[in-house]
Amino acid sequence: MFYGTVVWDPWLIVAQIGCIQCLYYLMLGIFLEILVGSCVSRMSLVYFFDYATVTASTVTGWCVIASFLLSSLAGAGILLYLIERAKKCLDFSATLYIIHLFICIVYGGWPSSLTWWIVNVTGLAVMALLGEYLCIKRELREIPITRYRSSV
């Protein structure tokens, strides 16, 4: 991608936010199914959006915590391929977690668990910082220039 002049395209931004949100929840669902699905008899949206399930007092709670943190690692990779710019990673990561907070408030009320806040702030930091690192690493790659010799 050429990083010259930046064009303001709100539809692109909304589409990127939607894609990141959907892919984040897809990855979270996969990790929850793998880690929590083995501990509980039935999966539900409670594990996605209810702050009471994010607890350090049960094995299932630890599996939920691990799922959220693994999803933030996967989210960094999502940022690398969808956003491609290091300076935008914090904005899109924060947007994802703010939208997640609003969904959690609608689903189960204001998150009053300190563990929920620690896990989500840590997830935000991991996703933003690792996403920035990966994007910077990609932006600083050398551009291959091939030289062709004329046969004249």
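**Aromatic pairs, helices and salt bridges**

Tyr-24 has a relative accessibility of 1% and therefore counts as buried (buried means under 20% relative accessible area, exposed over 50% and partly exposed in between, with a 1.4 Å probe and protein chains only). The model is predicted, so local features need a pLDDT of at least 70 and side-chain atom pairs count only at pLDDT 80 or more, while totals for chains, interfaces and linings use all residues. Residues are numbered from 1 along each chain as its sequence is written, and side-chain values use heavy atoms, with hydrogens and water left out.

Across the whole structure, a search finds eight aromatic pairs (rings of Phe, Tyr and Trp, the last by its six-membered ring, pair if their centres lie within 6.5 Å; planes under 30 degrees apart count as stacked, over 60 as edge-to-face and the rest as tilted). One of these joins Tyr-24 to Tyr-25: the ring centres are 5.5 Å apart and the planes meet at 65 degrees, so the pair is edge-to-face. Tyr-25 is also buried, because its relative accessible area is 15%. In the pair of Trp-110 and Trp-117, the centres are 5.5 Å apart and the planes lie at 45 degrees, so this pair is tilted. Trp-110 is exposed, with a relative accessible area of 54%, whereas Trp-117, at 28%, is partly exposed. Ring pairs also connect Tyr-24, Tyr-25, Phe-48, Phe-49, Tyr-97 and Tyr-107 into a cluster.

The unreviewed UniProt entry places the annotation "transmembrane region" on residues 23-47, 59-83, 90-110 and 116-136 (positions follow the numbering used here, feature names are shortened, and annotations may be inferred rather than shown by experiment). The annotated span 90-110 is 90% helix and 0% strand, and its end C-alpha atoms lie 24 Å apart (helices, H or I of at least four residues, and strands, E of at least two, are DSSP runs numbered from the N terminus).

Helix H3 runs over residues 59-82, and its 24 residues, at 1.5 Å a residue, should span 34 Å; the end C-alpha atoms are 34 Å apart, which agrees (the expected span is 1.5 Å times one less than the number of residues). Ser-71 lies in H3 and counts as buried, because its relative accessibility is 1%. The side chain of Ser-71 reaches the backbone oxygen of Ser-67 at 2.8 Å. Apart from residues up to four places away in sequence, Ser-71 touches Tyr-24, Met-27, Leu-28 and Phe-31 (contact means heavy atoms within 4.5 Å).

Ala-74 is also placed in H3, and its relative accessible area of 21% makes this residue partly exposed. With neighbours within four places in sequence left aside, Ala-74 is in contact with Met-27 and Phe-31. Between Ala-74 and Leu-35 there are 15 Å from C-alpha to C-alpha, with a separation of 39 residues in sequence.

Ser-93 belongs to helix H4, which covers residues 86-108. Ser-93 is buried, with a relative accessible area of 0%. A polar atom of the Ser-93 side chain lies 2.8 Å from the backbone oxygen of Cys-89. Beyond neighbours within four places in sequence, the contacts of Ser-93 are Leu-79, Leu-124, Met-127 and Ala-128.

Glu-84, which follows H3, has a positive phi, near 70 degrees. Two salt bridges are found in a search of the whole structure (a side-chain nitrogen of Lys or Arg within 4 Å of a carboxyl oxygen of Asp or Glu). One joins Glu-84 to Arg-138, with 4.0 Å between the closest N and O atoms. This pair links distant parts of the chain, 54 residues apart: Glu-84 is in the loop between H3 and H4, and Arg-138 is in helix H5 (residues 114-139). Arg-138 is partly exposed, at 25% relative accessibility. Glu-139 forms a salt bridge with Arg-85, and here the closest N and O atoms are 3.5 Å apart. Glu-139 lies in H5 and Arg-85 in the loop between H3 and H4, so that distant parts of the chain, 54 residues apart, are again linked. Glu-139 counts as partly exposed, at 32% relative accessibility, whereas Arg-85 is buried, with a relative accessible area of 17%.

Conventions:
Polar contact = N/O pair within 3.5 Å; in protein donor to acceptor, adjacent residues only side chain to side chain.
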